[in-house]
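Reader: Some of the terms used for protein structures are new to me. Could you take me through a few of them with the structure in view?

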Amino acid sequence: MKSRNQVWLIILIILSYVFVLYFMYVVESAQEDSNIKSFTDAFWYSLVTLTTVGYGDFYPVTAAGRILSLFFIFGSLGLLGILIGNMTERYNTYKEYKKMGYKGTEFTNHVIILGWDSFAHSITGQLLKAEKKVAIVTNHKDDIDLIYDEYGQDDAFVLFSDPKTPSMLDRLNLEEASMIFVNLENDTDKLITILNLKKAFPHLKFTVILDNSDLKDTFTAAGVSFILSKNEIAAKLVASYIFEPDVANYTSDLLSKADAHSEDYDIQQYMVLENNPFVNKTFGDAFLMLKSQFNVIPIGIAREEAGKREIHKIPDDSFVIKPHDYLIMILNGTSLNKIRDHFGIQEGVQVG
């Protein structure tokens, strides 16, 4: 109904325009001193008037012609208003479209967080502190401005969508993501979302925190890379604080991200690339070199073995380091840039 009314309105405007144009030609061409002598002259006058150009080469000289010209003068204001309004509406629509993440992101080796809450907020802060770009999915529009106000748009991207709806998630550059943290309300939603995404992107790596630790085997069978339980983690930390508080404090500090050039310590992991000087060297050789040159202590090696990720904690000195292993180390902020330069890569899990 609305579109039909618009069509009739357009037809009425065109007919009115032709009617006024014709009568301007009639009244002006009959006047000897008029410079509008043909229908083409009248059309040209209407065109430059409606577009607000106003060359002044044609103009009405009769009273009737001047009255008729008011149609074009006021029409130019309306046309200009329509054009400006339309451009403004399109620009605002584009800004809103982009703000809600529908234009997508070109982030690579980034972390995707499905679901936004105070817990995701804390995790995002730690990830950005580790110079990891983060793409966030939220179904609350108010979250968008809050996230960008705090983190900016260089390292954070927000998609306004239902985190449980995979059809919108292709805007997150899933193929290039290093990890997806599924932070939904319950374990059932987490499992269904993971299974749906695995169908389209079987190589994706997922991390989940379960409310029910009995579901670990189920999520492992679904292909989840890393599974944690809030209750188990909290229980271990609380128990540690009870009987060995210094160890608990030290452990808590190591789990936090160390700032560059600070004396705070942190546990980090770096992939060993093919050109890394530690390739085919033993863990013992790496230990001595890292400790003496960088004041860094390696404590383990993570390796993909038979499709499963294995962590070798403080392996024997003879353990040989291979390409694509991850060397796990304790280091402080002052060693951070040196280690990055030495390994030629950022810390953390890498795509592929």
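Reader: What makes the crossing of α10 and α11 right-handed?

Author: A crossing is right-handed if the near helix is turned clockwise from the far one by less than a right angle, and left-handed if anticlockwise. The crossing of α10 and α11 is of the right-handed kind. Helices here are DSSP runs of H or I with at least four residues, strands are runs of E with at least two, and both are numbered from the N terminus.

Reader: What should I know about the model itself?

Author: The model is predicted: local features need pLDDT of at least 70, side-chain atom pairs count only at pLDDT 80 or more, and totals for chains, interfaces and linings use all residues. Residues are numbered from 1 along each chain as its sequence is written, and side-chain values use heavy atoms, with hydrogens and water left out.

Reader: Why is α10 called oblique to α11?

Author: Helix α10 (residues 283-294) packs against helix α11 (residues 333-343) at an angle of about 135 degrees, and their axes are 11 Å apart. Axes are lines fitted to C-alpha atoms, for helices over the stretch in contact, and angles run from 0 to 180 degrees between N-to-C directions. Angles under 35 degrees count as roughly parallel, over 145 as roughly antiparallel, 65 to 115 as roughly perpendicular and the rest as oblique. The value falls among the rest, so α10 is oblique to α11.

Reader: Which residues make the contact of α10 and α11?

Author: Contact means heavy atoms within 4.5 Å. Helix α10 brings Met289, Leu290 and Phe294, and α11 brings Ser335, Lys338, Ile339, His342 and Phe343. Five of these residues are nonpolar, two polar and one charged (nonpolar: Ala, Val, Leu, Ile, Met, Phe, Trp, Tyr, Cys and Pro; charged: Asp, Glu, Lys and Arg; polar: the others, Gly among them).

Reader: Why does Ser335 count as buried?

Author: Buried means under 20% relative accessible area, exposed over 50%, and partly exposed in between, with a 1.4 Å probe and protein chains only. Ser335 has 4% relative accessibility, so it counts as buried. Leaving aside residues up to four places away in sequence, Ser335 touches Phe294, Asn295 and Val296.

Reader: What makes β7 and β9 edge strands?

Author: Two strands pair if DSSP finds at least two bridges between them. The open sheet has four strands in the order β7-β10-β8-β9, with antiparallel pairing. Strands β7 (265-271) and β9 (308-313) each pair on one side only. The twist averages 25 degrees from one strand to the next.

Reader: How do you know that β7 and β10 pair?

Author: They share seven bridges in the antiparallel sense. Tyr270 has Leu327 in β10 as its bridge partner. Helix α11 lies across β7 and β10 and runs at about 150 degrees to β10.

Reader: What is the pairing in the sheet of six strands?

Author: That open sheet has parallel pairing, in the order β3-β2-β1-β4-β5-β6. Strands β1 (residues 111-114) and β4 (residues 179-182) pair over four bridges, and Ile112 stands opposite Ile180 in β4.
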